[in-house]
Amino acid sequence: MSARRLPGFGVQVAIGMAAGLALGFAARSLGGANAPLGTTLHTLGQIFVQLLKALVPALVFTAIVGSIAALRDLQNAARLVVQTLLWFALTALAAVSIGIALGLLLQPGLHAGVSPATAAAPSTTGSWLDFLKGLVPANMLGLTASTTLADGGATTVVGFNVLQIIVAAIAIGAAAVSVGEAGAGFLAFNASALAVFRRLLRWVIALTPIGSAALIGDAVVRYGWTTLTSLGTYALAVYLGLALVLLVVYPAVLASHGLSPAWFYRRAWPAIQLGFVSRSSVGTLPVTEELTERALGVPRAYAAFAVPLGATTKMDGCAAVYPAISAIFVAQFFGIALHPSDYAVIAAVSVLGSAATAGLTGATVMLTLTLSTLGLPLEGVGLLLAIDPILDMGRTATNVAGQMLVPVIVAHRERLVTSVTT
């Protein structure tokens, strides 16, 4: 008798999320985050995200170097880069336009149930200078370290800046290609290392259903939905904007290129689901790149460049819909009138600002960049932080979808897609 066949990967992830919801509600009834079940869910979720993030620096570096070596054989490499950036901008412009329209239509700042006393400036802010400094790697690997003192001891945490890794990898890959035969050994070693890291990636991806269950369960335990009541109109506006981008803008772009939205979402859904529960585009990056190549048929030489770049600079949720609605919310809450020129500024900052905040702390930094550019009070950020984790789920899912959409569109336009697209 033949062995029973397991359901598809997307179905496994969906089952994991459903199990996570059930476990999360069970943990809430058994004592919440400090109960054994709540602690277990949190620990398993964090371990899974750490496993994904541990692969990111090595995977991005070797993949980018390999893509530079492969792109030399493509006559349209420069055209691919230009089209990628162009579609990043076009879809971001559509997303921010939706955010502005919803902010004006629903007027969330006039229907807020929060107290002005909760207004507080965030500890981390963004600026255009951060963008320029963030482009230059602090070291060849784009790694950073910070030390904090607590209870008489010191704790050092090592992190990484994906944008700096991309810049360093592009430079090193270009140098290896330019030196000719002298760089052949390095490129061969890089190709071997990339194969090893991809195998590790497949092993980690196999744990995605378990990781999804733990992450969604932990989210239910820690955040629930009760905090949405005071900012219900604002949360509705954000999620409605994200839904319009995911379910209207992206399908329209796909259909205009003769691609089936059902085909795209069926293959991209596991990464979108993981983005929702993990709330990390960088943590989801290995899965995003794997599915963009294997399931959506984008050639590795192009996907290895476009997907990591998108994970740092293509954020339609965090850098377009969210800051547009939030900026209008802050202006309405404090009674500050915005003019047509201000909405144009919001659009410009959203299209350019995701690159300016790459490698920094996501949506909050993007919002402070938008508010400071408009001259709105940064204290308004404090009004919105209570429900930020809940909003971040939808924002990240939208980000991940956009990071997969653009490479598919560009590859299709250049006739590079290698799989069936219906």
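This is a predicted model: local features need pLDDT of at least 70, side-chain atom pairs count only at pLDDT 80 or more; totals for chains, interfaces and linings use all residues.
Residues are numbered from 1 along each chain as its sequence is written, and side-chain values use heavy atoms, with hydrogens and water left out.

**Exercise 1.** Determine how helix 9 and helix 16 cross.

Solution. Helices are DSSP runs of H or I with at least four residues, numbered from the N terminus. Axes are lines fitted to C-alpha atoms over the stretch in contact, and angles run from 0 to 180 degrees between N-to-C directions. The axes of helix 9 (residues 261-278) and helix 16 (residues 388-413) come within 8 Å and cross at roughly 140 degrees. Helix 9 is therefore oblique to helix 16, since angles under 35 degrees count as roughly parallel, over 145 as roughly antiparallel, 65 to 115 as roughly perpendicular and the rest as oblique. Contact means heavy atoms within 4.5 Å, and the residues making it include Trp 263 and Phe 264 of helix 9 and Met 393 and Val 400 of helix 16.

**Exercise 2.** Classify the aromatic pair of Tyr 234 and Phe 329.

Solution. Rings of Phe, Tyr and Trp (its six-membered ring) pair if their centres lie within 6.5 Å, and planes under 30 degrees apart count as stacked, over 60 as edge-to-face and the rest as tilted. By this rule there are five aromatic pairs. Tyr 234 and Phe 329 lie 5.1 Å centre to centre with 55 degrees between the planes, which is a tilted pair. The pair links distant parts of the chain, with Tyr 234 in helix 8 (residues 232-256) and Phe 329 in helix 12 (residues 317-333), 95 residues apart.

Notes. Helices (H or I, at least four residues) and strands (E, at least two) are DSSP runs, numbered from the N terminus.
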